[in-house]
Amino acid sequence: MFDLKSILIVVSALGSGLVGGIFFAFSSFIMKALARVPPAQGIAVMQSINLTVLNIWFFAVLFGTGACCLVLGISSLSRWEKPGAGYLFAGSLLYLIGTIIVTIACNVPLNDALAAVDPSSADAGRVWTDYLKKWTAWNHLRTGAALAAAALFIVGLCRAASPFDFARAKASSPAMSTISPHKSEDWPRQFVEHFNAGDLGAVMSLYEPEAHFVTRSGETLVGRDAIRKVLGGLIETKTQFQSRVVRTAIVGDIAQLYTDFEGTKVDDAGKTIPVRKAIEVLRRQPAGSWKLIMGDPNARE
């Protein structure tokens with residue numbers, strides 16, 4: 001089931017998408033159609049539209065979505081470390097400024113000025129031409145803002161439901177050498193920090209692409225993808241670790257660590273189970289950092 005925040009995101013996405021669709025209709029064909037008729041007729045129709053649109057249903061969608069975006073934006077700032085928060089904040093800001101503010105500050109004053117024009121007056125044609133140009137340009141802007149906000153809300157909702165944030169994963173992936181430790185004995189500490197934070201992408205950056213991992217049953221897993229499944233499962237069971245390096249042996253670019261990993265995990269029944277780990281073999285990388293090439297988390301039990 002969706003929680004309150006998820007419902008708020010869905011409502012914001014639907015509302016901004018609906019508003020963007022309404023404005024898109026004006027940009028794509030309504031204003032073009034009005035520009036093809038005589039100015040007196042175009043002005044009269046637009047004046048009628050501007051009066052008709054002042055109804056509770058349109059206001060509920062336009063400003064109701066704005067209220068949801070305001071709450072969502074403030075909530076995202078207070079929970080900035082959560083997955084998807086950046087997308088939700090950007091979407092909220094884009095809708096509030098690009099759609100609500102532009103409507104109030106730009107389109108509404110043009111509508112008010114047009115309302116005072118007599119369609120049969122001598123300068124009606126000039127006023128109508130100027131109105132079409134300016135109003136449509138601002139409408140293009142608020143259309144794009146509303147639709148982009150809807151897209152950001154959808155992405156934010158997907159990221160909030162994923163195991164780890166795309167922004168954090170992206171920050172982790174291209175700069176693995178900055179995440180990986182430059183002292184072999186620091187490897188367990190960084191592993192624990194990323195693992196306990198649930199950042200699976202950063203955890204996997206500490207492993208070489210073809211790293212080996214020995215399971216409790218004695219099976220040897222090869223490669224990050226296979227190891228990712230095991231570690232991802234541990235993260236899902238809310239496993240938390242503490243580490244202490246007992247001994248380090250280094251020969252050239254190879255280091256072997258004897259490490260006590262102490263922590264707990266939650267089983268299917270909700271009980272807390274203690275766990276203890278491990279031996280790691282690391283290799284020094286060309287940039288000077290260390291990555292794991294062989295891990296046996298049960299070798300010293």
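Me: Helices (H or I, at least four residues) and strands (E, at least two) are DSSP runs, numbered from the N terminus; how many helices and strands are there in the protein?

Reply: The protein has 10 helices and six strands. This is a predicted model, in which local features need pLDDT of at least 70 and side-chain atom pairs count only at pLDDT 80 or more, while totals for chains, interfaces and linings use all residues. Residues are numbered from 1 along each chain as its sequence is written, and side-chain values use heavy atoms, with hydrogens and water left out.

Me: And what share of the residues count as buried?

Reply: Of the 301 residues, 42% count as buried, where buried means under 20% relative accessible area, exposed means over 50%, and partly exposed lies in between (1.4 Å probe, protein chains only). As for contacts, meaning heavy atoms within 4.5 Å, 64% of those between residues at least 6 apart in sequence join residues at least 24 apart.

Me: Let's look at two helices, then. At what angle do α3 and α4 pack?

Reply: Helix α3 (residues 56-78) and helix α4 (residues 85-115) pack at about 145°, and their axes are 8 Å apart. The axes are lines fitted to C-alpha atoms, for helices over the stretch in contact, and angles run from 0 to 180 degrees between N-to-C directions. The crossing is left-handed, a term used if the near helix is turned anticlockwise from the far one by less than a right angle, with right-handed for clockwise.

Me: Which residues make the contact?

Reply: On the α3 side they include V61, L62, F63, T65, G66 and C69, and on the α4 side A85, L88, F89, S92 and Y95 are among them. By class, the contact of α3 with α4 has 14 nonpolar, six polar and no charged residues. In that count Ala, Val, Leu, Ile, Met, Phe, Trp, Tyr, Cys and Pro are nonpolar, Asp, Glu, Lys and Arg are charged, and the others, Gly among them, are polar.

Me: Is T65 buried or exposed?

Reply: T65, which sits in helix α3, counts as buried because its relative accessibility is 4%. Leaving aside neighbours within four places in sequence, T65 is in contact with S12, G15, S16, A60 and Y95.

Me: What about I97?

Reply: I97 belongs to helix α4 and is partly exposed, because its relative accessible area is 47%. The C-alpha atoms of I97 and R142 are separated by 8.8 Å, although the two residues are 45 apart along the chain.

Me: R142 again, okay. R142 lies over the face of which residue?

Reply: R142 lies over the face of F23, at 3.7 Å from the ring centre. A charge sits over a ring if NZ of Lys or CZ of Arg is within 6 Å of the ring centre and within 35 degrees of the ring normal.

Me: Switching to aromatics: how many aromatic pairs are there?

Reply: A search of the whole structure finds 10. Rings of Phe, Tyr and Trp (its six-membered ring) pair if their centres lie within 6.5 Å, and planes under 30 degrees apart count as stacked, over 60 as edge-to-face and the rest as tilted. The rings of F195 and F241 have centres 5.2 Å apart and planes at 50°, so this pair is tilted. F195 is in helix α8 (residues 187-196) and F241 is in strand β3 (residues 240-251), so that the pair links distant parts of the chain, 46 residues apart. Both F195 and F241 are buried, and ring pairs link W187, F191, F195, Y207 and F241 into a cluster.

Me: How many residues of α8 are buried?

Reply: Seven of the 10 residues of α8 are buried, which leaves the helix mostly covered; W187, P188 and Q190 are among them. After α8 comes G198, with a positive phi near 75°.

Me: And why does K238 count as exposed?

Reply: K238 is exposed because its relative accessible area is 59%. K238 is in the loop between α10 (224-236) and β3, and its phi is positive, about 60°, although K238 is not a glycine.

Me: Last one, where does L147 lie?

Reply: L147 lies in helix α5 (residues 124-160) and counts as partly exposed, at 38% relative accessibility. L147 and G17 are 130 residues apart in sequence, yet 5.4 Å apart in space, C-alpha to C-alpha. Not counting residues up to four places away in sequence, L147 touches S16, G17, G20 and G21.
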